[in-house]
Every structure is written in C-alpha cells, then in structure tokens.
Amino acid sequence: MSSRDRRHLFLPVLCALLALGYLAPHDASGDTPPDPGAEVARLYERASDATQRYEAGLRASRAQRREAERLERRLAEERRVLATYRADLGRIASAQYRAGAGLPYTARLLLADDPEGLLRSQHAANQADLAVTNALGRAQRAERRLAEGERTAAKVSRTLARRADELGKLKTRIENQLRDAQQRLERQAETSVTAGKCRGAVRLGNAGSPARTGRPWMTPVRSYTLSAGYGGQGDRWANRHSGQDFAVDTGTPVRAIGAGRVIRVGCGGAYGIEVVVRHDGGYYSQYAHLSAPAVDQGDRVQAGDWIGQSGSTGNSTGPHLHFEIRLTPYYGSAVDPGPWFAERGVVL
C-alpha cells in the first residue's frame, strides 16, 4: 500500500481528531451564565456539527471495512492461484522423475530413442519451471503486500471505530446540555409572556450565523416537518387555521423569509412571543409562539437573517413555529403561504 493510500486512509481519523478539539465542552467565563437563547443556538450548531462528523466517521469506518474485505478477496484469489502453480510444479517434477528414473540428464540423452524430442521436452520443462518460479515469487510478494494492506486497513478501522465512539459520547453530552438550555429558555419565555414584555433581542452573533444564500425568498426554518396547514379546522382554533405550522424543537433559529423591516415584537396574547416583518413587496410575515426574539422593532433584515427562536409560548400545545403571510400586519388578513411561496420559487 502506497504512502498516498495511507494518507487517504488516515484522513478521516484526522477529521475525527479535529472534531474532538473543535467540539470541546464550553466553559463559560465569569459568574453570569450565558443567555439561554444564545446558548441553545450555539448548542444547536455544535450538535449539528457533532452529528455530521460522527456520521462521517461511521461512513469512513464502513468504507475501510469494505476495503479490508476487498483485500481479503484478492488475497484468497492469489492463494488459489498459488496453489494451482504448486500443483503444476509437482506434476512437472513427477513427470521428470518418471521420464528419467533418476538418471542424469546426459545419460538419458544418450539412451533416448528420440534425443531431439527429449531436448524439446527438457526445454519445455525448464520453461515451465521458470514460469512457476516466477509465479511463486509474484504470488508471495503479493501475499506480503496484501497482508500489510489488510493490517493497515484493520488498524485504521479500529481507530475510526474508537473515534466514532468518542464522537457519539460527545454528541450525547451536547444533546443533554441542549435539553437543559431549552428548559431554561422555555422558563424565561413564559416569564416574559406572563409579564407581557420581552426582555429584548437575543443577539445570536456567532452562535448562529445567518443562513444567507443570495436568494430573495426562503423558508423560515432550515429543517422542519410541516404540521398544521393553512385553512385547517380543529378544537385548537376558533376559526380556520390562519397559517402554516413548522414542527421544530424549542430554540431552533428562525430566519426572515425575505428582506424587510421589523414592525412588531410582541410578548403576549394567543401568539405568545411574535415577530412581524413588513416586506418590500407590500406583504407581511408573522413568526409566532417564539421562545425569544433576535431582533428589535425597527430593525432592517435580509433574507436568512435570524429573527428569533422557536418555542411554545401563547396558545400552543408544543414546540413549533406558527408562520403566516399577511396582506396587512393584523390577524385576519392571512393568505395561504404554500402557493405564495411557490410563486417565488420556494417549495415547502
């Protein structure tokens, strides 16, 4: 196995080691604990990164196991060819013994009825001997080379499995930290809603980098499951459902769907903590049941800027984002967001 192949094999190990360093547990300095909103956003990023690196480590480990199996199959084939060559060599030796009965070659040549035929036979035997000897040498060298490669692949596979285990434990630890931060964020959000006053924007900063892509419109969350849709009926609503619900965990960063200005940040009533944005085209977007706002009234936003974090405040039965497209800033002017997004090249 070449040095280039070995570098290729050990690259996933290096990635795993970098992940362990990059994802070292956070140690907040000072006596003041971090804002739970920013902490949740930061932990989301860490959990996502840890999950991706963990899965990459598993894929690399599986690839190395497949490579080891491929080498073993090649080795088995070389051994089969080697056995064939050895059998041929044995048959040649037996034939020579029977032909000469142990006599020296010169004596056999003198006693032969057909000396020329014996010469041709001896030449063929010598060529066969040479071919078998060369084949044996090649097979033995291949066996040593493949055995070394197999040992290297097995070593890398063991290393990757160990790193994957370490990353799995790290992932679990981050998820536990995330659950704790989510609970603190929920308690803080309920306090704000009860008081009817938001604590002010939670500036996520580096904890959650804006998801700008250059597109003018996008969905309000990156990854989601659609739950209650526009126009639905049920015991939870006095009238038809006025928006589209996105099922996401508490603290999930919510982003502006397009450029505009924040005209409302509210912290009371049925929608709990909500943000309303007026867009340049005259439409309005509403983001409700948040656990924290990431903007203040009057802020200018671009598509993809973080504007809040999902939650379950107000009239809500569980964590999700209630989203509306409105003709005015007020309840009752909502339109179906599905076709509205489709007209702008966004599929929910």
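Okay, some ground rules before we look around. The model is predicted, so local features need pLDDT of at least 70 and side-chain atom pairs count only at pLDDT 80 or more, while totals for chains, interfaces and linings use all residues. Residues are numbered from 1 along each chain as its sequence is written, and side-chain values use heavy atoms, with hydrogens and water left out.

Let's start with the overall picture. Buried means under 20% relative accessible area, exposed means over 50%, and partly exposed is in between, using a 1.4 Å probe and protein chains only. Now contacts, meaning heavy atoms within 4.5 Å. Of the contacts with a separation of 6 or more, 70% come from residues 24 or more positions apart.

So, which residues have the most contacts inside the largest nonpolar core? They are Ile 257, Val 275, Tyr 287, Ile 307, Leu 321 and Phe 323, in a core of 26 residues. The elements giving two or more residues to this core are helix H4 (115–195), strands E4 (260–267), E5 (273–279), E6 (284–293) and E9 (321–326), and helix H5 (337–342). There's also a second, separate core of 13 residues, including Tyr 44, Ala 50, Leu 170 and Val 202. By nonpolar core I mean a set of buried Ala, Val, Leu, Ile, Met, Phe, Trp, Tyr and Cys residues joined through side-chain atoms within 4.5 Å.

Next, empty space. Rolling a probe the size of a water molecule over the atoms shows where empty space is left. A cavity is a set of points on a 1 Å grid over the protein atoms alone where a 1.4 Å probe fits but cannot get out, and its lining residues have an atom within 4 Å of a point. Searching the whole structure turns up one cavity of 30 Å³ or more. The largest cavity holds about 60 Å³ of space, where volume is the space filled by probe spheres set on the points, and points are joined across faces, edges and corners. Its lining includes Gln 188, Arg 199, Val 202 and Ile 273. Which element gives the most to that lining? That's E6, with three residues.

At 4% relative accessibility, His 289 is buried. Its phi is near 65°, a positive value in a residue other than glycine. Most residues other than glycine have a negative phi.

His 289 is also among the contacts of Thr 313, along with Ala 189, Tyr 271 and Leu 290, leaving aside neighbours within four places in sequence. Thr 313 is in the loop between strand E8 (306–310) and E9. Is Thr 313 buried or exposed? It's buried, with a relative accessible area of 2%. A polar atom of its side chain lies 2.7 Å from the backbone oxygen of Leu 290.

Last stop: Ser 333, in the loop between E9 and strand E10 (334–335). Ser 333 is buried too, with a relative accessible area of 11%. A polar atom of the Ser 333 side chain lies 2.9 Å from the backbone oxygen of Tyr 330.

Technical notes
Helix = DSSP H or I, 4+ residues; strand = E, 2+ residues; numbered from the N terminus. 1 Å grid on protein atoms, 1.4 Å probe; cavity = no way out; pocket = protein on both sides within 12 Å on 5 of 7 lines; lining within 4 Å. Polar contact = N/O pair within 3.5 Å; in protein donor to acceptor, adjacent residues only side chain to side chain.
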